Amino acid sequence: DNVLFMWNARADNLLVEEGRVVGIETLDLRGETTTRNAADTVVLATGGFQNNLQMVREFWPSEFRFPERILVGSGRNSVGHGHKLAQGVGAELVKMDHQ
């Protein structure tokens, strides 16, 4: 009862108070902006970044040579948007080469 799932919405901003994420600002498919805040816990569950070649190159495992040709086969929205939102409020990305 205390979990809110937001479908067909793009996360635009994470709301931070006293150093912690307490909410989110979203834009739904109809163009309506919604702000949800005062949450005890916020779980940011977005797609990956496999469709963002720049991020794939950046986080490619150092022990492997980057291929001359690479097939991008992930979903079209797997572009690292959630990672960038998290970094924007101070998150550190770890183990990014373990995708």
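Colleague: What should I know before I start?
Modeller: It's a predicted model, where local features need pLDDT of at least 70, side-chain atom pairs count only at pLDDT 80 or more, and totals for chains, interfaces and linings use all residues. Residues are numbered from 1 along each chain as its sequence is written, and side-chain values use heavy atoms, with hydrogens and water left out.

Colleague: In what order do the 3 strands of the open sheet come?
Modeller: Strands here are DSSP runs (E, at least two residues), numbered from the N terminus. Two of them pair if DSSP finds at least two bridges between them. The pairing is antiparallel, and the order is S1-S2-S3.

Colleague: Which are the edge strands?
Modeller: Look for strands that pair on one side only. Those are S1 (9-17) and S3 (33-36).

Colleague: How many bridges pair S1 with S2?
Modeller: S2 covers residues 20-28. Asn 13 has Glu 25 in S2 as its bridge partner, and Ala 11 has Thr 26. For S1 and S2, antiparallel to each other, the count is 8 bridges.

Colleague: Which residue has a positive phi in the turn between S2 and S3?
Modeller: S2 and S3 make a hairpin with 4 residues between them. The phi in question is about 90°, and the residue is Gly 31.

Colleague: What about the hairpin of S1 and S2, which residue takes a positive phi there?
Modeller: That hairpin has 2 residues between the strands. The phi is near 50°, and the residue is Glu 18.

Colleague: Why does Val 3 count as exposed?
Modeller: Val 3 sits in the segment before S1. Exposed means over 50% relative accessible area, buried under 20%, and partly exposed in between (1.4 Å probe, protein chains only). Val 3 counts as exposed because its relative accessibility is 57%.
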